[in-house]
Amino acid sequence: MVETLIKIRDLKTYFPVKKSIFSKKLFVRAVDNVNMDVPKGSTFAVVGESGSGKTTLARTVLRLIEPTSGEIEFEGKDILGLRGKDLLEVRRNMQIVFQDPYNSLHPRKLIKNIIGEGMKIHFKISEIEIRDRIASVLKEVGLIDDHMYRYAHEFSGGQRQRIAFARAIVLKPKFIVLDEPTSALDVSVQAMVLKMLKEIKVQENLTYMFITHNLSLVDYIADKVAVMYVGEVVEMGDKTTIFKHPSHPYTDLLMASNPIPDPKFVREKRLMKGEIPSSINPPSGCRFHNRCPFADERCAREEPELREIKPGHLVRCHYPL
Amino acid sequence: MELRGKLLDVSNLKVSFYTYRGVVKALNGVELWMDSGERLGVVGETGCGKSVTSLAVMRLIEQPGEIQEGKIIFNGKNLVELSEEKMNNIRGVEMSMIFQEPRSSLNPVMKVGYQIGEAIAKSKKIKIKNTYPEVKDMLRLVGLDPERVINSYPHELSGGMSQRVMIGMGLATHPKLLIADEPTSALDVTIQAQILELLDELARKMGNAVMLITHDMGVVAEFCDKVLVMYAGNSVEYASTARLFEKPLHPYTGGLLQAVPRVGRTDELKAIKGTVPDLVNPPSGCRFHPRCPHAMDICKLERPPFVEIEPDHYVACYLFKGKNEVREDG
């Protein structure tokens with residue numbers, strides 16, 4: 001049995017929306033009733049379109065956003081009630097790399113201070129030890145130790161993302177959230193960064209939560225996949241299962257919409273009608289029913305449960321494919 | 001002089017931008033051509049000049065940029081030599097353009113119907129209020145409900161709907177060429193598929209050519225007949241889509257195709273070493289040579305000509321000897 005690193009139960013993150021003081025209180029239900037087990041050592045991909053709640057989910061797991069209700073366990077310990085020293089230790093173990101490396105690095109700090117700041121908080125070590133550690137981490141991500149005396153603007157997008165990743169691994173965490181880490185990069189650079197992520201994961205014994213909208217990347221990097229739609233997980237399971245037998249109509253159409261770089265590949269034209277609904281006022285019943293080609297009146301009425309159709313393969317649909 | 005493309009033939013196009021850091025040689029002799037009704041994909045990474053090329057074709061290069069050399073023959077006229085007034089009668093009428101960020105390219109304080117009407121009014125020389133029946137037809141054609149949308153402001157529309165409006169605006173004047181600069185990069189994949197389908201359907205109906213600027217090889221494979229690969233301001237390879245994906249000749253094209261992750265592909269991705277060069281100080285000779293695994297001495301000295309290697313397959317690389325040199329102008 002593989003150990004579970006992060007256990008999420010009935011997690012809800014709502015944001016209040018102010019309309020007027022007389023109207024009913026409204027909420028953006030960014031994350032709604034999410035249950036998830038992230039196994040130790042895996043790359044867990046969270047896929048979804050804009051507004052599906054994938055980024056909010058990741059930030060809630062890191063406690064960068066406080067959830068409305070639910071439970072999050074890290075190595076069997078509830079982290080939502082943690083404070084002070086205990087919280088600090090969990091924070092060290094959970095790091096994040098953001099989407100846009102042009103905004104996530106401080107423009108007026110030396111790379112040495114960007115990477116070293118966390119160590120000053122978490123480790124009681126000398127300046128020299130900090131410098132040695134930074135040098136070795138920079139080498140690990142494919143840069144050289146001289147780079148620590150430069151500023152972020154002196155680097156290209158790919159190099160900046162490597163620095164952001166160095167900042168994450170320097171504290172020896174167990175878990176890293178990668179929030180669309182390559183979507184701001186060109187393909188040739190993306191390939192190098194993905195390769196590095198894969199290699200370092202093995203070396204450092206890491207667990208990744210990989211947030212993305214790009215299914216092609218998921219197939220390359222992930223072991224497990226959760227597909228999100230308007231705040232809910234609609235399908236979850238092993239990568240191979242989901243790619244070979246997508247069972248939720250949304251997953252199926254998402255894959256059909258993904259352009260394949262091969263002109264010989266002729267697909268049947270299947271388009272998803274309509275647009276993503278708002279998570280303030282999600283559709284009744286199944287949230288996908290108004291775009292689903294197979295929906296009937298039961299889907300509009302009754303909300304499907306996320307249920308296991310095969311061991312380890314969960315689908316939120318009345319009529320899985 | 002023989003033209004390679006009946007609709008558009010761009011040759012030796014050079015564009016520079018004068019910045020405080022020095023002269024950015026954004027385009028360094030671009031070659032590009034299209035036939036009527038054809039779909040050409042222009043692909044390349046950041047800074048390869050694909051957007052600048054499209055702006056130059058529309059004659060929208062502004063200070064501090066300048067078209068320095070080259071010809072843009074569109075429909076028999078050399079656009080580089082046309083006066084601004086004559087260009088105004090072509091732009092938005094015979095060729096139009098849609099952009100990456102649909103929401104920021106629509107005017108936020110004008111109703112959508114009025115914005116589409118403006119284009120029609122200009123081309124037909126009629127008053128905007130008389131264009132509304134046609135505007136409604138156009139909105140219906142791009143899959144929107146005219147009654148609802150015609151009096152909406154852009155902020156009331158979603159990203160996908162705004163892009164539909166942009167496409168409607170672009171095609172309202174029945175142009176011969178529609179330039180689409182990354183029309184789907186800001187959209188979700190499901191919406192992207194809808195928009196590409198719409199562009200495809202409308203191009204079939206109206207018979208316009210489409211120049212699709214993109215960095216996404218998947219989009220090219222699905223949408224385009226022909227592909228032009230650009231690198232650091234040069235055209236490096238041109239072929240039919242099928243041929244290019246089957247047998248890429250230029251080392252850069254090959255590298256690019258191998259770097260693209262795709263579903264069902266589990267082998268290691270091969271990255272191209274190094275990074276895109278700085279165009280203030282571009283590498284000598286072939287601009288790709290510092291990153292090229294096959295670079296030879298001559299690559300560092302001279303820029304390779306863009307030559308036809310096999311019928312309708314052009315490459316700028318010394319690894320291949322052309323059948324005949326591409327025309328030497330002058």
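How many C-beta neighbours inside 10 Å does A:R63 have, and what does A:R63 count as?

Mentor: Quick housekeeping before we zoom in. This is a predicted model, so read local features as needing pLDDT of at least 70 and side-chain atom pairs as counting only at pLDDT 80 or more, while totals for chains, interfaces and linings use all residues. Residues are numbered from 1 along each chain as its sequence is written, with chains lettered from A and ligands numbered from 1 in the order in which they are written.

Now your residue. A:R63 counts as partly exposed because it has 17 C-beta neighbours inside 10 Å. The cut-offs: 20 or more other C-beta atoms within 10 Å of a residue's own make it buried, 12 or fewer make it exposed, and anything in between is partly exposed, with C-beta atoms placed from the backbone. You'll find A:R63 in the loop between α1 (54-61) and β4 (69-74) of chain A. Those labels come from DSSP runs numbered from the N terminus: helices are H or I of at least four residues, strands are E of at least two.

Chain B has a case to set beside it. Phi of B:E182 is near 45 degrees, again positive in a residue other than glycine, and B:E182 sits in the loop between β7 (177-181) and α8 (189-206) of chain B. B:E182 has 19 C-beta neighbours inside 10 Å, so it counts as partly exposed. While you're on chain B loops, look at the one between α1 and β4, where B:P64 is found. A cis peptide bond joins B:Q63 to B:P64, with omega at about 5 degrees.

Going through the pairs, β1 (residues 8-19) and β2 (residues 22-34) of chain B are antiparallel and joined by nine bridges, with B:Y18 opposite B:V23 in β2(B). A hairpin connects β1(B) to β2(B) through two residues. On to β4 (residues 65-74) of chain B, which pairs with β1(B) over eight antiparallel bridges; B:V15 has B:I67 as its bridge partner there. Two antiparallel bridges then link β4(B) and β5(B), and the bridge partner of B:F74 is B:K77.

Within chain A, β9 (residues 224-229) and β10 (residues 232-238) run antiparallel and share six bridges, with A:V225 partnered by A:G237.

For helix packing in chain A, go to α3 (residues 111-122) and α4 (residues 127-140), which pack at about 120 degrees with axes 10 Å apart. Axes here are lines fitted to C-alpha atoms, for helices over the stretch in contact, and angles run from 0 to 180 degrees between N-to-C directions. A:K112, A:I115, A:G116 and A:M119 of α3(A) meet A:I130, A:R133, A:I134 and A:V137 of α4(A); contact needs C-beta atoms, placed from the backbone, to lie within 7 Å. Buried residues of α3(A) include A:I115 and A:G116, and the buried residues of α3(A) pack against α4 and α5 of chain A. As for α5(A), 13 of its 13 residues are buried, so the rest of the structure largely encloses it.

Last stop, the contact between the chains: chain A puts in 32 residues and chain B 36 residues. On the side of chain A that touches chain B, α6(A) gives the most, with seven residues.

How values were computed:
Two residues are in contact if their C-beta atoms, placed from the backbone, lie within 7 Å. Two strands pair if DSSP finds at least two bridges between them.
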